[in-house]
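Here are my comments on the model you sent. Please read them with the structure open.

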Amino acid sequence: MYVYTTTRSSIGTESNIDLVLNVEDFDIESKFERTVNVSVPKKTRNNGTLYAFVFLHHAGILPWHDGKQVHIVSPLTTYMVPKPEEINLLTGESDTQQIEAEKQTNALDEPVSHWRSRLTLNVMVEDFVFDGSSLPADVHRYMKMVQLGKTVHYLPILFIDQLSNRVKDLMVINRSTTELPLTVSYDKISLGKLRFWIHMQDAVYSLQQFGFSEKDADEVKGIFVDTNLYFLALTFFVAAFHLLFDFLAFKNDISFWKKKRSMIGMSTKAVLWRCFSTVVIFLFLLDEQTSLLVLIPAGIGAVIELWKVKKALKMTIRWQGLRPKFQFGSYNDSEKKTEEYDAQAMKYLSYLLYPLCIGGAGYSLLNVKYKSWYSWLINSFVNGVYAFGFLFMLPQLFVNYKMKSVAHLPWKAFTYKAFNTFIDDIFAFIITMPTSHRLACFRDDVVFLVYLYQRWLYPVDKSRVNEFGESYEENLPDNIM
């Protein structure tokens, strides 16, 4: 097996090519992995392309002199918009020192050449028999044959696994780069897996033709490459339930707040905090370019939380021309009592929460590098939400404790959200998401368990006011009372 590199997509002779790997003792049954340093031509350094030509041929003769050689070509470079450089916002220092003139030349919104540091090769080793008129197109595409005299020889099926080329393995090629590492790995492949891999690569290519970016396509690649096939089937099954419970939770939450006429027993501060934290988490996930499976429900949840704040504050909006006018409703005595408990809980909580959040934001500003001030602001907010967000559930727990009741809470929506919380625990290890968001999934489990404990501690009292400001006894007919 020989691996060559060249700046041209086709070669006829051995001119203008470089030999980077020579495997003289190649065994089709034995897998291997080797790392070599590849010289980067000037054309490639100037935002050009470099190709790898892989040859299988008889030992002792050059590939183009072997009538039974088989070869395949693959680009070692791809074009992507480079990730914005992260700097210390106070000192301006960065991890990578680049020439200032080069920074001005390569605009961040223009794609530049990136190096694919992995080349994964496969040879199909199974014997198979197909009728000549019904040979599958996917296999036929990779089959090569040569006729020597009256005999037709079928050549080995050589395959390059493009799904193994991940965004995390890409390296930016700049003008000062003369050598780059390339890891060449080989393993045999079965006919079934070969056909499946061909279809998956075609699917990823189609997504890119429809306008999906390299990073979007990489998310799809990661599902198949980084996940066991049985685990992948479980993922699809669990994802369907996750979307179902998301819909049911949103439906019941909207229904609960749409009918709600009283804020008795409900912490207004907790509602405001949930709105703020949900919006911040959505902006953070958007800034981190998280998977759409996580981003879309977060966006819908943020819109619902904004609407709930309007209901909780009894806010009405009247338009005077193009200028909105906000009006707030009044609270009755029972609601004012709830607000007193709420304010009391927030007073104690502020002594702990505010210093922790401000201290964490200051520490990250001094020691962590960010793309921009906006990125630092969003990260500071979201780190506060993730690290100390569960503390803002304490006011509602405190109100429940003071009122000795949990009947005013939307338990149907809570139940569906709890199911999704446990599903999120599974997704935390599968879907690409920031580490802080991954840890927050497990934090929510603890919060829900505390609510379950309070529900067991405070059983239903039919004389107690429910979530709609009514009691069971008030609704009974007079002749029963």
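1. In this predicted model, helix H4 (residues 191-209) packs against helix H5 (residues 214-225) at an angle of about 160°, and their axes are 9 Å apart. Because angles over 145 degrees count as roughly antiparallel, H4 is roughly antiparallel to H5. The crossing of the two helices, H4 and H5, is right-handed.

2. Which residues of H4 and H5 meet? From H4 they are Phe196, Trp197, Met200, Val204, Leu207 and Gln208. Their partners in H5 are Glu214, Ala217, Val220, Lys221 and Phe224.

3. The count of salt bridges comes to five. In one of these, the side chains of Glu29 and Lys188 meet at 3.0 Å, N to O.

4. The patch is nonpolar, covers about 450 Å², and is made by Phe231, Leu234, Phe237, Phe241 and Leu244.

5. Leu313 is in the loop between helix H8 (292-312) and strand S14 (315-320). Leaving aside residues up to four places away in sequence, Leu313 touches Thr268, Leu272, Phe328, Gly329 and Tyr331. For one of these contacts, Thr268, the C-alpha atom is 7.6 Å from that of Leu313, and the two residues are 45 residues apart along the chain.

Conventions:
Residues are numbered from 1 along each chain as its sequence is written. This is a predicted model: local features need pLDDT of at least 70, side-chain atom pairs count only at pLDDT 80 or more; totals for chains, interfaces and linings use all residues. Side-chain values use heavy atoms; hydrogens and water are left out. Patches are made of residues with over 30% relative accessible area and no salt bridge: like charges are joined within 9 Å, nonpolar side chains (Val, Leu, Ile, Met, Phe, Trp, Tyr) within 5 Å. Accessible areas come from the Shrake-Rupley method with a 1.4 Å probe; for residues, only the protein chains shown count as cover. A salt bridge is a side-chain nitrogen of Lys or Arg within 4 Å of a carboxyl oxygen of Asp or Glu. Axes are lines fitted to C-alpha atoms, for helices over the stretch in contact, and angles run from 0 to 180 degrees between N-to-C directions. Helices (H or I, at least four residues) and strands (E, at least two) are DSSP runs, numbered from the N terminus. Angles under 35 degrees count as roughly parallel, over 145 as roughly antiparallel, 65 to 115 as roughly perpendicular and the rest as oblique. A crossing is left-handed if the near helix is turned anticlockwise from the far one by less than a right angle, and right-handed if clockwise. Contact means heavy atoms within 4.5 Å.
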